[in-house]
Amino acid sequence: MKNNPLLIQIKSITILIMLFSSPFLLAQQQTNNNKKQNEFWDKVQFGGGVGLGIGSGYTDISLSPSAIYNFNNYVALGLGVQYAYAKQKTDFASHLYGGSIIGLFTPFEEVQLSAELEQLRVNVDFGPYSGSENYWNTGLFLGAGFRTGNVTVGVRYNVLHNKNKSAYSEAFMPFARVFF
């Protein structure tokens, strides 16, 4: 069977077109993937809290970074980690660490409602004669706050608070949240 010169030319041109156009198609795909990644990160905010309390023989240090993903102007969902250290000169020393899942709902620009599930490991040392206590503490906080820009200030309530064994002394807690 003889090779048709016209058929060979058409095959050659088709192969050349495919070779030279594939980088452009690949570049278009990469641009779309980068755009999707940028859209995701444009909706992510980072923030959290830092605390420092120092008094006569008392030290309290806390760090709680978090990140949220804004699904839209009304709903956000995020994760956080927490570490806290507290020490009263000779009475006790404690370490708390863990994580949380937070959901935020903003029905109006100035009002933010929240639900946060927190799981903490609590390690308390009461000194050489009183022993120590180690346990897990679960908190489910429902909160409401006033929001202006990136800052929300409000109060939250731990519906699972146990006054006999809790990482916190009260069920009601004030909060300040900052996300950038």
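How much space lies in the second largest pocket? In this predicted model, where local features need pLDDT of at least 70, side-chain atom pairs count only at pLDDT 80 or more and totals for chains, interfaces and linings use all residues, the second largest pocket holds about 290 Å³. Residues are numbered from 1 along each chain as its sequence is written, and side-chain values use heavy atoms, with hydrogens and water left out. A pocket here is an open set of points on a 1 Å grid over the protein atoms alone, where a 1.4 Å probe fits, with protein on both sides within 12 Å along at least five of seven lines; lining residues have an atom within 4 Å of a point. Points are joined across faces, edges and corners, and the volume is the space filled by probe spheres set on them.

Of the 21 residues lining the second largest pocket, Gln45, Asn70, Thr106, Gln112 and Arg147 sit closest to its centre. Two or more lining residues come from each of β2, β3, β4, β7 (151-158) and β8, and β4 gives the most, with 4. The lining splits into 9 nonpolar, 9 polar and 3 charged residues, counting Ala, Val, Leu, Ile, Met, Phe, Trp, Tyr, Cys and Pro as nonpolar, Asp, Glu, Lys and Arg as charged, and the others, Gly among them, as polar.

The largest pocket comes to about 1000 Å³. It is lined by 42 residues, with Ser62, Gln82, Arg156, Tyr168 and Met173 closest to the centre. Elements giving it two or more residues are β1 (44-55), β2 (58-70), β3 (75-88), β4 (92-108), β5 (111-125), β6 (132-148) and β8 (172-179). This lining has 24 nonpolar, 12 polar and 6 charged residues.

As for the fold, the chain has 1 helix and 8 strands, taken as DSSP runs (helices H or I, at least four residues; strands E, at least two) numbered from the N terminus. The order from the N terminus is α-β-β-β-β-β-β-β-β. Strands pair if DSSP finds at least two bridges between them. β7 and β8 run antiparallel and are joined by 7 bridges, with Thr152 opposite Arg177 of β8. β1 also pairs with β8 in the antiparallel sense, over 2 bridges, and here Gly47 stands opposite Phe179.

Of the 180 residues, 24% are buried (under 20% relative accessible area with a 1.4 Å probe, protein chains only; exposed is over 50%, partly exposed in between). In a regular strand the side chains alternate between the two faces of the sheet.

Leu160 is found in the loop between β7 and β8 and is partly exposed, at 45% relative accessible area. Beyond four places in sequence, Leu160 is in contact (heavy atoms within 4.5 Å) with Thr138, Gly139 and Leu140.
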